[in-house]
Amino acid sequence: MEKDPQNRIVVDRPVDEAPTMGLAESDPSTPQAAPAPATAGQELERGVYYATTPIYYVNAVPHIGHAYTTILVDVVTRFHRLKGDDTFFLTGTDEHGEKVQQAAEAHGKSPQEYVDEVSGNFRATWDRLGIRYDDFIRTTEPRHKQVVQDVLQRVYDAGDIVYGEYAGLYCVKCERYYTDKELVDGKCPQHETPPEHRTEANYFFRMEKYRTWLRDLLTERPDLIRPERYRNEVLAMLREPIGDLSISRPRARVPWGIPLPWDDEHVTYVWFDALINYYSVLVARGTLDTYWPHVEHFVAKDILKPHGLFWPIMLKAAGIPLYQHLNVHGYWLIDDRKMSKSLGNVVRPLDLQQKYGNDAFRYFLIRDMTFGLDSNFSELALAERVNSDLANDLGNLLNRTLGMLGRYRDGVVPAAGPLEPEDEALRDAFVALPQQLVRSFDALQFDRALASVMEAVRKANKYIADVKPWELAKDESASERLDTVLATLVEALRCASILLDPVMPGKMLELRKQLGIRNAPFDLATAGEWGLVPAGTRTKPGEPLFPRIDLEELERQIAQPAEEPEPEERIIEHKPEITIDDFAKVELRVVTVEQAEQHPNADKLLVLTVRMGAETRTVVSGIKQHYAPEELVGRKLVLVTNLKPVKLRGVESQGMILAAEDDDGQLSLVTLEKDLADGSEVR
Ligand code: MSP
C-alpha cells in the first residue's frame, strides 16, 4: 500500500488472484453412469467474477450494438457461473444530463416520466433476449446518487476538485468538450455535427496531475486495457497533457443531474455520475468486499476515453482500487457505416430475435465478431451461419443420434462397452474443451471458443460417417460396438450442450430434454467428463432445434423489401365548438422579426424581438430545432398578441408565434402570402 500526498491510504494494485475453492460435488440426486468417468484433469480454478455493460443512454431505443454488449456480458457471466465462480452481472441506464433533458422536452414529458418509460424499454428488451442480469442500476435512483455525492465529496476534500472557468467546443450529444485536434473537419467525430462554443464557470477535476501515474500503471499492468490496440490509444492520449476535466454543469442550464454536495447551484457532469454506477451498486447492496475490485468492464471503443482515462483517475483520486480489466470491443457496422437514426439503417434486436429465434441470434453475434475489431452486420450472413453451424452441424448431430437411437435401440441410451481408438479420439476432443474455453474466454476470444466447440461437433459428425452405425446395425455380432458408438454420441451431445449453454440457453435446454438428460450433472467440470449419461436413459425426440433457413427466399426478401403499408387516413380529434365571439377574443397580428437569438437558459428556445407598427415585443418560441435564428430575421409571422405574458426559463414572453406541426413533429411557421405591413390584423 502507498500513501498519496493527502496522506490517505491508496490501494491501486489488483487484489491478487481470486481465491480458489474446491470443486463442488455433483448433485447426489442425479443418477451416476456406470463406468468411472474419464476426465482431462478438470481442475477448474474458481473465483469471483463481476462484469458490467455500459449503462445505456435513455434517449434511444436499444439496437443490435447495445444488444451485443449486453448479450456478450450475459454469455460471459453465464460461462463463469457454469464454471462455479461467484458471479455478478450489472447493467442499467444512464439517465441524467442535458441530452436526456432535451429528449424529454422534445417528447413533451418531464425528465422523470421520460426516463421511467425508456429505462423500462431497455429492461423489457433485455428480458426478451434472455438476459440474466443480477441488478439493473438507474442513475436516478437514490442509492446511486448517495454514493456519487460521497465520492465527489471525498475527491473535493482531497483537493482534487477546484473551481474555474472554461471556454471550449462542446458537443451536446456526447456531453463533452472536444479539443481542436479531436474534431474531424471541425465536427464531432461521433455525431458529425459542429460543436458549440461554450464558456462556463465550473468545477474541475484535476486529472492532469495523475497523467504520469496512469502512464506508468499501463506499463506495469499491460493488460489493464485490452485488446492492446486500445491500451495503445490511451497511452497515446497520455503522451500530451490531458488537462483537467470539467465535472459540473450550472444547475440553471442543466437542472437534470445530481447536485454537488458542497454547491447545489451545480450538478454533476453526467460522465462523473455515470461511471460511479459500477461501484455504487455494490455499496448499496453491501457486496463491495465480495466483488470489488474483481470488476471486468465491457464497452465499445466509442467510450474508451471515459473508461480508460477518466475512470481510473477518478478511482485513484477517491482511493478506490482499480478495475481488473477494461475490455473494449469494436462496432457493428452496416455496409461499413455506423448505424444511425438519420441513415435509417438501425437494426433492432427484437426483429431479428422474432425472425430467427433468440439463441440463433445470440450465437451469430458472438460467433461473428472478433472481440476488439469492427464487424459488418448482414442478415444473410446471420442466416448462413445459422444454417451451417446450427442446422447442419449441431442440429444434424442431434437428429442423427436420436434417429439411430430410435431405430436401433427403441429410443433408450445403451451402456457403452470398451472404447476403441476412434471413440477415444472423439472423447478427447470434447473433454479438452472446458479448459480450452476457459483460456479462450480469458483471452476475450469468444468467437474462437464457439469455433472450437463446433469443430468438435463436426468431428462427431465425421465419426458417424467413419464408423457407419447403420452397417453395425446389420451385424448381430457388432451389437456391443453399436452400443458404444451410440453412447459416445450421446456423451458428445451432452458435453456440447453444456459448453454452448451460455450462448444458447434455451436451445441447449431443449437439446437436453430431447436426449432425456435434463437432470444430468450440469456444470463446466462435468463437460470435461465422459460417461455421465446413465444407461437406460429414455430419449424424447422433438422438433428440429434449428430449422434451415431458405436462403433464396431470404435473398428475395432482402432485394424486395415488403411494401410500405398505405398510410392510414388520419382521424382528427376536434376541440369543442366556439362562437365567432369567442374567436374574436383572440387578437392575431402580422409582425416582423427584428432580432432572433438563443435563449440563455434553454437549448430548445429562441428569443425573438418582433415589431408591429411602432411597438416591439419579446416572444419566446420553441422553434430552435427547426429554424436557425438568422433565418428568421426580417420575416413576417403571425403573433397572438393578447395572450397573458408568461416567463419561460427566466425570459418573459409577450405573445405566441403561430406555427403548424404534423404528426412527425415537423414544424412550419405560419407566414403571409402577400407582403402586408406589420401590425395588420389576421382574422
Ligand atoms: N451512457 C454512456 C455509457 C456510460 S457507462 C458509465 C453511453 N451510452 S450509449 O447508450 O451510447 O451506449 C454506448 C455503448 O453501446 C457502446 O459502448 C457499446 O457497448 C454499445 N454500442 C452502441 N453502438 C454500438 C455498435 N454499433 N456496435 C457495438 N456496440 C455498440 O455511451
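Trainee: What does Ser 497 touch, leaving out residues up to four places away in sequence?

Mentor: Ser 497 touches Met 508, Leu 511 and Arg 512 in this predicted model. Contact here means heavy atoms within 4.5 Å.

Trainee: Why is Ser 497 called buried?

Mentor: Its relative accessible area is 0%. Buried means under 20%. Therefore Ser 497 counts as buried.

Trainee: Where does Ser 497 lie?

Mentor: In helix 18, residues 479-499.

Trainee: What makes the pair of Ser 497 and Arg 494 a polar contact?

Mentor: A polar atom of the Ser 497 side chain lies 2.9 Å from the backbone oxygen of Arg 494. The cut-off is 3.5 Å for N or O atoms. So the pair qualifies.

Trainee: Now the ligand. How many residues surround it, and which are the closest?

Mentor: The shell has 23 residues. Ile 55, Thr 69, Asp 94, Asp 302 and Trp 332 are the closest.

Trainee: How much of the ligand does the protein bury?

Mentor: Taken alone, the ligand exposes 670 Å², and the protein buries 94% of that.

Trainee: What is the shell made of, by class?

Mentor: 13 nonpolar, 8 polar and 2 charged residues.

Trainee: Which helices and strand each supply at least two shell residues?

Mentor: Strand 5 (56-57), helix 1 (64-83), helix 7 (270-275) and helix 8 (277-285).

Definitions and conventions
Residues are numbered from 1 along each chain as its sequence is written. This is a predicted model: local features need pLDDT of at least 70, side-chain atom pairs count only at pLDDT 80 or more; totals for chains, interfaces and linings use all residues. Side-chain values use heavy atoms; hydrogens and water are left out. A residue is near a molecule or strand if one of its heavy atoms lies within 4 Å of it. Accessible areas come from the Shrake-Rupley method with a 1.4 Å probe; for residues, only the protein chains shown count as cover. Helices (H or I, at least four residues) and strands (E, at least two) are DSSP runs, numbered from the N terminus. Ala, Val, Leu, Ile, Met, Phe, Trp, Tyr, Cys and Pro count as nonpolar, Asp, Glu, Lys and Arg as charged, and the others, Gly among them, as polar. Buried means under 20% relative accessible area, exposed over 50%, partly exposed in between (1.4 Å probe, protein chains only). A polar contact is a pair of N or O atoms within 3.5 Å; within protein, one must be able to donate a hydrogen and the other to accept it, and residues adjacent in sequence count only if both atoms are side-chain atoms.
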